[in-house]
Amino acid sequence: MGIPRSTYYYQKNYRVEEKKVSEGRPAPGYSFKEDGQKVSDEQIKEFLLEEIAGA
């Protein structure tokens, strides 16, 4: 086949391990303003879309 023997055995023995990503805690669905008021994620999304549309 024209490939070195070491390459064949390296590929044969090489195993890809699945990533074990911890998902962490779920997002709460809100954030806080500097003054401590809660702001929903939907409201933040609206603010961002307005900024993008106005730019």
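Helices, at least four residues long, and strands, at least two, are DSSP runs numbered from the N terminus. Read that way, the protein chain of this predicted model follows the pattern α-β-β-α along its sequence. That gives two helices and two strands.

**Overall exposure**

The protein chain has 55 residues, and 2% of them count as buried.

**Helix H1 and the segment before it**

Ile3 sits in the segment before helix H1, which spans 5-13. Together with Tyr8 and Tyr9, Ile3 forms a nonpolar patch on the surface. The accessible area of these three residues together is about 310 Å².

**Helix H2**

Helix H2 covers residues 41-54 and includes Glu50. Ile44 also lies in helix H2.

| Residue | Relative accessible area | Class |
|---|---|---|
| Glu50 | 53% | exposed |
| Ile44 | 28% | partly exposed |

Glu50 counts as exposed because its 53% is over the 50% cut-off. Ile44, at 28%, falls between the 20% and 50% limits, so it is classed as partly exposed.

Glu50 belongs to a negative surface patch.

What does Ile44 touch, leaving out residues up to four places away in sequence? Its contacts are Ser31 and Val39. Tyr30 is 14 residues from Ile44 along the chain, and the C-alpha atoms of the two are separated by 8.6 Å.

Technical notes. Residues numbered from 1 in each chain as written. Predicted model: local features only at pLDDT ≥ 70, side-chain atom pairs only at ≥ 80, totals over all residues. Heavy atoms only, no water. Patch = residues over 30% accessible without salt bridge, like charges linked within 9 Å, V, L, I, M, F, W, Y side chains within 5 Å. Areas by Shrake-Rupley, 256 points an atom, 1.4 Å probe, with all protein chains shown as cover. Salt bridge = Lys/Arg side-chain N within 4 Å of Asp/Glu carboxyl O. Lys, Arg positive; Asp, Glu negative; His and termini not counted. Charge placed at Lys NZ, Arg CZ, Asp CG, Glu CD. Buried < 20%, exposed > 50% of the residue type's maximum accessible area, 1.4 Å probe, protein only. Contact = heavy atoms within 4.5 Å.
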